[in-house]
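Me: I would like to know where the labels on this model come from. Please set each value against its cut-off.

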Amino acid sequence: MRAFLYDYLTLKKRIFIIFLFSSLIPFISIGLISYYTIYSLLTNKIQSGIQSNLKQVELSLENTISNLNHVSQQLAFQGTVGKKLDQLLGANQPFERSYIADELKNELSLVTFTNPSIGLTMYYFKQDGSYIFENSGVKSNFSLDTMPLLAQYYGISYYGPHISNNRFDNQYVLSALRKVDLPERDDVYVYIESGFRLTQNILNNNQFGGTVSHLILDNDGRIAYSEVTDAFPRDSLFSSFAGGEKSGSLHGYLWFKETSNQGWSVISIIPKVDYNKEMNRWFVQILLIALLFVAISLLLAWLLWKMVYRPLNNFNKEIKLLAQSNAQPGLVRTKIPEFDYLLHQFREMKEQIWDLFAEVEQKEKRRVDLEVEKLRYQINPHFLMNTLDTVHWLAVMNGQSEIDRLILSLNKLLYYNLGKLGEIATMEEEIDALQQYLTLQQIRYDFQFDVKIEVEEAVLKMPIPRFLLQPLVENALYHGLNDEGFIRVNVARLQSCIEISIRDNGTGMSEETIQSLLNSQKVESRKVGMGIGMNYVKRMIETHYGNDAELRIDSVMGQGTTVFLNLPIREEI
């Protein structure tokens, strides 16, 4: 099937296909190898960058939490500051309480000054929700219940990331709540916030270059912090946490996970579109280069086609001129030696063909002339006409008027039809001969035919070939004319031609019969009388008029037949 279709492809299409395949197949092969190689390299590069960045975030958070743990330990009962708080709460004298409070504030200031990453710090009384010694203003809606719990171990609860409870700060922070463990009271806690801006800067320090977001999970896989809340809402469980995988795909994102020593996890998530952006950019570049190669291939194919098309076009013109005439065009050079040689050979062949055409045409004309002469002189005119003259005078002497009329009409008809007056006649002479023929037929069949002949006076003197109307009327007589039949002969001038129509109301003819009458190459010798047939009429008008004359037959079975003959008007034929 493919070979069959290829056989019908034009030369132009074949050239284009060959150029496309010859340029694209090597390029596609190299492109596929390059694609898989670069895909592997880019994947390793991207994943390495993401994992490295994720590890830094995880270490930064661990350091921040460790720092919170260290500072909270100083503020607990075991530290120097925690002991002073116990003294303050146990002092009864105002002066003593004021003195201890000043010392405690100084200690707290020293701690926060030596730890610049520490933010809001205060002692919190869980029983009544009050707090003291805060180093900055506290927001009125401060509540531990609304903060996301990140991890809890060794009596310390870590929260975050969350918005700072510092009245003058709306940054994300991590915080720790540690029990002070005072001997007399067990509802006192240290609340410390860390400046999360340092960790936030690390989160934003993306080595991948795409849109990377982060999740922070607690020890149970609950999302404590989310930068993509629509796909990963806070306080929901991360569905891939339980499997222990370190990377995967979820909700149209690729994710990579790092788990800290304390059990919480940091996850980097990247939209798949952004993850593939660099590879897609490389693919687009390869595609553009491929299109450039295709364009160059098509251009080369087009140039080759133009180089071949011009000689082929010259051949096409030569072939058209061969079919139209033997006129020789000016010599055209293609500037390609092989094609110039073929054109020269073709022109020589063309001249030989036209010489053969002229020779065949001359032979055919001589053959037609001989056929017409043969038809015209099938009967020896001298012997026949002399005999009919003898019969005519015998009929006159014996008073046989009917025989006399018959012989006289026959003699006139033979004299006209056998061309004694020449090959060309006038329309008037042709009508007179037709009337003599009808007289003979009426005497022969002893029947008065209903024949009406209408001829415009303007065409009576116009020259036409002799013996055209009789075969047409004879055809009407021999195709189903009955007792109530009629024949109408109309001759009129129509613009630059003579229109002749012979109509009857006989039985009609089939299409096969019409084609046989028009195209038969044999004389209708089976007919009675003078019938030479439609074939003679057709050949006669072809001889004298070529393709300018027209013979047509319209017939309907059971209704009749009409023969149309259109002859161009000429002064000489």
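Reply: What follows goes through the labels one at a time. This is a predicted model, in which local features need pLDDT of at least 70 and side-chain atom pairs count only at pLDDT 80 or more, while totals for chains, interfaces and linings use all residues. Residues are numbered from 1 along each chain as its sequence is written, and side-chain values use heavy atoms, with hydrogens and water left out.

Me: Why is R347 called buried?
Reply: Buried means under 20% relative accessible area, exposed over 50%, and partly exposed in between, with a 1.4 Å probe and protein chains only. R347 has 11% relative accessibility, so R347 counts as buried. R347 is found in helix α8 (residues 337–376); helices (H or I, at least four residues) and strands (E, at least two) are DSSP runs, numbered from the N terminus. R347 and I319 are 28 residues apart in sequence, with 9.6 Å between their C-alpha atoms.

Me: How many of the chain's residues count as buried?
Reply: The share is 41% of the 573 residues. The chain has 14 helices and 18 strands.

Me: What makes α3 roughly antiparallel to α4?
Reply: Helix α3 (residues 80–90) and helix α4 (residues 94–114) pack at an angle of about 160°, with their axes 9 Å apart. Axes are lines fitted to C-alpha atoms, for helices over the stretch in contact, and angles run from 0 to 180 degrees between N-to-C directions. Angles under 35 degrees count as roughly parallel, over 145 as roughly antiparallel, 65 to 115 as roughly perpendicular and the rest as oblique. The angle of about 160° therefore makes α3 roughly antiparallel to α4.

Me: Which residues make the contact between α3 and α4?
Reply: Contact means heavy atoms within 4.5 Å. Among the residues involved are L85 and L88 of α3, and A101, L104 and L108 of α4. Leaving aside neighbours within four places in sequence, F133 is in contact with L85, L88, A101, L104 and L108, among others.

Me: What makes a set of residues a nonpolar core?
Reply: The set must consist of buried Ala, Val, Leu, Ile, Met, Phe, Trp, Tyr and Cys residues joined through side-chain atoms within 4.5 Å. The largest such core has 44 residues, of which L85, Y123, F133 and Y158 touch the most other members. Helix α2 (residues 11–75) gives the largest share of this core, eight residues. Another core lies apart from it, with 43 residues, including M427, F467, I514 and M540.

Me: What joins β1 to β2?
Reply: Three bridges join β1 to strand β2 (residues 130–132), and the two run antiparallel. Y123 stands opposite I132 in β2. β1 and β2 form a hairpin with four residues between them, and G129 in the turn has a positive phi of about 75°.

Me: Why is strand β1 described as mostly covered?
Reply: Seven of the eight residues of β1 (residues 118–125) are buried.

Notes: Pairing = 2+ DSSP bridges.
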